[in-house]
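Let's walk through this one together, with the model open beside the text.

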Amino acid sequence: MLRIITDQVEAKQELQRISDRTHHEQIETQSATVKDIIQTVRKLGDRALLEYTEKFDGQKIALENLKVSGSEIDAAYQQISRDLLKAIKLATKKIEAFHLQRVPKSWVQFADDNVVLGRRYTPVDRAGLYVPGGRASYPSTVLMYDIPAKVAKVPRVVMVTPPSENGKINPAVLVAASEAGVAEIYRVGGAQAIAALAYGTNTIPKVDVITGPGNIYVTLAKKEVYGTVGIDSLAGPSEVLIIADKHANSVHVAVDLLAQAEHDPMAAAILITNNRDLAEKVQLEVVRQLEDHPRRILTEKAIAHYGVIILTENLTQAAELSNLFAPEHLELEVESPWELVEYIRHAGAIFLGNSTPEAVGDYLAGPNHTLPTSGAARYASALGVETFMKYSSLIEYSPVALQKVSQAIIDLTVAEGLPSHGNSVKYRKINN
């Protein structure tokens, strides 16, 4: 059962404990394992991928079957329902429409004395997309990662995902990939897949940016290869924080908490409210909805360890606690959400009003569902088109413009003890 906390000092301590839930001693051992896997893949390439796939996924795959064939993708369309295909197409359309509004534009600025400054945005050459397997299939993840890459005009997108029974890939995942424009898919997962994307093998090409969530081994592998390649983020367990008042529906609040908890035993589900009656109703409703829940065991674990209800005196205090936690997902189930949002400084995505459950954003509203976790919303943002692009500064000075600032540059180079820097300006000054 969800605990109800009324003491604000205790509430802050509990929020900190939940935020720190991925910091445990076992990570040191897991990190050593990941480093060994990465080094082995760098040394043995495809052979290591096949051996690790058999060891960790229990699937023996021939090298020629590592890449998913076009016929397998075509067959996937026949294995899903028309309604699901329709939903995937709708989500694709909405996500693409949103991200098309966010494409960074190159620009130049013409100043006095023929000085030209600007930025030139270009996409990376290759992007790697990791799609997790395990407890569920994630066609929405494919769309949320590949569509921004497509909008950014990345020339080549490579997708990796662990094989399930008989070495197959979930058909909904394959259809989503096809609809999003991914033509290159490999059946490999875990840290070994991240290593392959970072360093390349004879079969899987080296990429420039790796994106996508995964288990702790995948996350640690992304951390290990960062610098060799770019990464989107280090995703932790998912989390939702709901701020609700007396106008919220306890059934809706409870199911929204469970919608997060059912992801993973380490998922966090937090309610902050200024209404005790709502808190007690939600507490009971969570128990009721868990009775016949298909994922009851893992969902109960999440609720028991990382679920909590916090009572505050007012909504302003609730917003302060939310900012302290900096949640991945924040739901404002209050009478005036647009007034309360003015007090929110840190959140990955904000869902306003009683008719906007997190699931809307998870699947097809348009904004990306790949968000900062574990307090990273204090400094990070959602994945977007920018993840797959970088910019070059553009600088052009005329002889007149250089003459006007030359002495200032020379003075600065003297202060830093870099004579050739100063001379690069001084010699041009003399020549002109």
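**A bent helix and what surrounds it**

H16 bends by about 50° at valine 405, the bend at a residue being the angle between axes fitted to the seven residues ending there and the seven starting there. Keep in mind that this is a predicted model, where local features need pLDDT of at least 70, side-chain atom pairs count only at pLDDT 80 or more, and totals for chains, interfaces and linings use all residues. Residues are numbered from 1 along each chain as its sequence is written, and side-chain values use heavy atoms, with hydrogens and water left out.

Helix H16 covers residues 399-416, 18 residues in total, and reaches 24 Å from its first C-alpha to its last. That is close to the 26 Å expected at 1.5 Å a residue, where the expected span is 1.5 Å times one less than the number of residues. Helices here (H or I, at least four residues) and strands (E, at least two) are DSSP runs, numbered from the N terminus. Which residues of H16 are buried? They are Ala401, Leu402, Ser406, Ile410 and Thr413; buried means under 20% relative accessible area, exposed over 50%, and partly exposed in between (1.4 Å probe, protein chains only). After H16 comes glycine 417, with a positive phi near 70°.

Now zoom out. The chain has 17 helices and 14 strands, and its C-alpha atoms fill a box of roughly 85 × 60 × 45 Å along the principal axes. Of its 432 residues, 49% count as buried. Accessible surface comes to about 21,600 Å², and 50% of that belongs to carbon and sulfur atoms; these areas come from the Shrake-Rupley method with a 1.4 Å probe, and for residues only the protein chains shown count as cover. Take the contacts (heavy atoms within 4.5 Å) with a separation of 6 or more: residues 24 or more positions apart account for 74% of them.

Threonine 211 gives you a close-up of such contacts. This residue lies in strand E7 (residues 209-211) and is buried, with a relative accessible area of 1%. Setting aside neighbours within four places in sequence, threonine 211 is in contact with Gly128, Leu129, Tyr130, Tyr145, Lys222, Asp232, Leu383, Thr387 and Phe388.

On to the charges. Side chains of opposite charge can pair when their charged atoms come close. A search of the whole structure finds 14 salt bridges, each being a side-chain nitrogen of Lys or Arg within 4 Å of a carboxyl oxygen of Asp or Glu. One of them joins arginine 21 and glutamate 239, at 3.3 Å from N to O. This pair links distant parts of the chain, 218 residues apart: arginine 21 sits in the loop between helix H1 (8-19) and helix H2 (26-44), and glutamate 239 in strand E9 (residues 239-244). Both arginine 21 and glutamate 239 are buried.

H3 has 12 residues and reaches 16 Å from its first C-alpha to its last, close to the 16 Å expected. Its buried residues are Asp46, Ala48, Leu49, Leu50, Tyr52 and Thr53, and glycine 58, with a positive phi near 70°, follows the helix. Arginine 47 forms a salt bridge with glutamate 51, their closest N and O atoms being 3.1 Å apart. Why are the two separated by about one helical turn? Because arginine 47 and glutamate 51 are 4 residues apart in helix H3. An α-helix has 3.6 residues a turn, so residues three or four places apart point the same way. Glutamate 51 counts as partly exposed, at 42% relative accessibility.

Glutamate 72 and arginine 187 also meet in a salt bridge, at 2.6 Å from N to O. Glutamate 72 lies in helix H4 (residues 70-79) and arginine 187 in the loop between strand E6 (184-186) and helix H8 (190-199), so the pair ties together parts that are 115 residues apart in sequence. Glutamate 72 counts as buried at 15% relative accessibility, and arginine 187 as buried at 6%. Elsewhere, salt bridges that share partners join Arg3, Glu14 and Arg17 into one network.
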